[in-house]
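User: Please take me through the fold shown here by way of questions and answers, beginning with the whole chain and moving on to single residues.

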Amino acid sequence: MIKVLVIVGPTGTHKSDLAKMLAKKFNGAIINADAFQVYQEIKIGTGQTPPADGINFYLNGTVSIFEEWNIKRFQQTCTQIIKEIVKQKQLPIIIGGSNLYIDALIYNYDLSATKRDDKYDNLTIPELFSLLSSKDEQLANKIGNNKVRLVRALQILDQDKSLVKKNQPIYDYKIITCNYHTRKVLMDVVNNNVDKMLKNGWIDEVKNLLKAHGSEKLLRTNAFKALGYKDIVTSITSNTKLDIDKIKTNSRHYAKRQITWIKHHYLNPLTFVQDNIDEIYNELQNWIN
């Protein structure tokens, strides 16, 4: 069975940095499993990490914001990438991000056309959003008010309940979760990251896209559901002050939701808390051997 290393954790916990260190140590190649870092045009506000020299880094800023990118396309593309990485005798290292994407890959969810399910047909968008939020608030916030995608997500989660219980993973995978020693440190990092992205030109990034495409077209894309982008568009188009505290609050809430997902979905993972890299090396060496 193919070995796959998976690195998860809340935003701001240096998942990409860890992945690069492990790729160098264990001859690995990295696959991005973040639903927004895959897009070419929104690098700054999504925290996209530049590739490191000598390391293959897949699905990192490779898709246009106007292309369709979803869990099914990720699963199909990532499956092929893993095969290519293994042919090169390297270790696939997946970093995310979007935890449902990772589950769909590891457990090989059947994402073929799903039969219509009458129980969702007569629900309004607010009802669908509320229902999905009760199951996965992170996913609901990413989708927003797109009825088709809300229904699809609910169908996948319905499927998730049975698949996780019945299906064995198709890879021999190891999970590493990234965090800090205390919650306060994480929240401070999340706040500081928003400030850094603004300093690095996040607003100009959005301004340039608005100039090229207009707000109506951009706000219809899935990409602009990434944290903070709609807030910046609204601030620019309405000529109002950007509410940075709101972006920071939403970012902290997002980090907490990621922690909750990880806590309930992954049993006995390795935990990287920024200062125990030797312990991680030793555990992975034993797993690989």
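This is a predicted model: local features need pLDDT of at least 70, side-chain atom pairs count only at pLDDT 80 or more; totals for chains, interfaces and linings use all residues.

User: Which percentage of the contacts with a separation of 6 or more joins residues 24 or more positions apart?
Analyst: Buried residues make up 50% of the 289 residues. Among contacts with a separation of 6 or more, the share from residues 24 or more positions apart is 75%.

User: How far apart do the centres of the positive and negative side chains lie?
Analyst: The accessible surface comes to about 14700 Å², and carbon and sulfur atoms hold 49% of that area. The chain carries 40 positive and 30 negative side chains. The centres of these two sets are separated by 1 Å.

User: What distance separates the end C-alpha atoms of helix α1?
Analyst: Helix α1 covers residues 15-26, which is 12 residues, and at 1.5 Å a residue it should span 16 Å. The model agrees with this expectation, because the end C-alpha atoms are 16 Å apart.

User: Which residue follows α1 with a positive phi?
Analyst: The buried residues of α1 include Leu18, Ala19, Leu22, Ala23 and Phe26. An α-helix has 3.6 residues a turn, so residues three or four places apart point the same way. Beyond the helix, in the loop between α1 and β2 (28-32), there is a residue that is not a glycine and counts as partly exposed at 41% relative accessibility. This residue, with a phi near 55 degrees, is Asn27.

User: Is Ala19 buried or exposed?
Analyst: Ala19 belongs to helix α1. Leaving out residues up to four places away in sequence, it touches Ile7, Ile30, Ile93 and Ile95. Its relative accessibility is 0%, and therefore Ala19 counts as buried.

User: What is the phi of His14, which is not a glycine?
Analyst: His14 is placed in the loop between β1 (3-8) and α1. At 40% relative accessibility, this residue counts as partly exposed. Its phi is positive, at about 60 degrees.

User: Which helices are included in what covers the buried residues of α8?
Analyst: Helix α8 (residues 183-199) has 17 residues and should span 24 Å; its end C-alpha atoms are 25 Å apart, which agrees. Among its buried residues are Leu186, Val190, Val194 and Leu198. Just after α8, Gly201 takes a positive phi of about 105 degrees. The cover over the buried residues of α8 includes α9 (202-213) and α12 (244-265).

User: How many residues apart along the chain are Ile42 and Trp202?
Analyst: Ile42 lies in the loop between β2 and β3 (57-58), and at 0% relative accessibility it counts as buried. Apart from neighbours within four places in sequence, its contacts include Phe36, Ile65, Leu209, Phe224 and Tyr229. The C-alpha atoms of Ile42 and Trp202 are separated by 8.7 Å, while along the chain these residues are 160 residues apart.

User: What is the relative accessible area of Trp287?
Analyst: Trp287 lies in helix α13 (residues 277-288). Setting aside neighbours within four places in sequence, Trp287 is in contact with Lys3, Val4, Leu5, Leu91, Asp172, Tyr173 and Lys174. Buried means under 20%, and Trp287 is buried with a relative accessible area of 12%.

User: How far apart in space are Asp121 and Val151, C-alpha to C-alpha?
Analyst: Asp121 is found in helix α4 (residues 118-121) and is partly exposed, with a relative accessible area of 29%. In sequence, Asp121 and Val151 are 30 residues apart. In space, their C-alpha atoms are 8.5 Å apart.

Note on methods
Residues are numbered from 1 along each chain as its sequence is written. Side-chain values use heavy atoms; hydrogens and water are left out. Buried means under 20% relative accessible area, exposed over 50%, partly exposed in between (1.4 Å probe, protein chains only). Contact means heavy atoms within 4.5 Å. Accessible areas come from the Shrake-Rupley method with a 1.4 Å probe; for residues, only the protein chains shown count as cover. Lys and Arg count as positive and Asp and Glu as negative; His and the chain ends are not counted. The place of a charge is taken as NZ of Lys, CZ of Arg, CG of Asp or CD of Glu. Helices (H or I, at least four residues) and strands (E, at least two) are DSSP runs, numbered from the N terminus. The expected span of a helix is 1.5 Å times one less than its number of residues.
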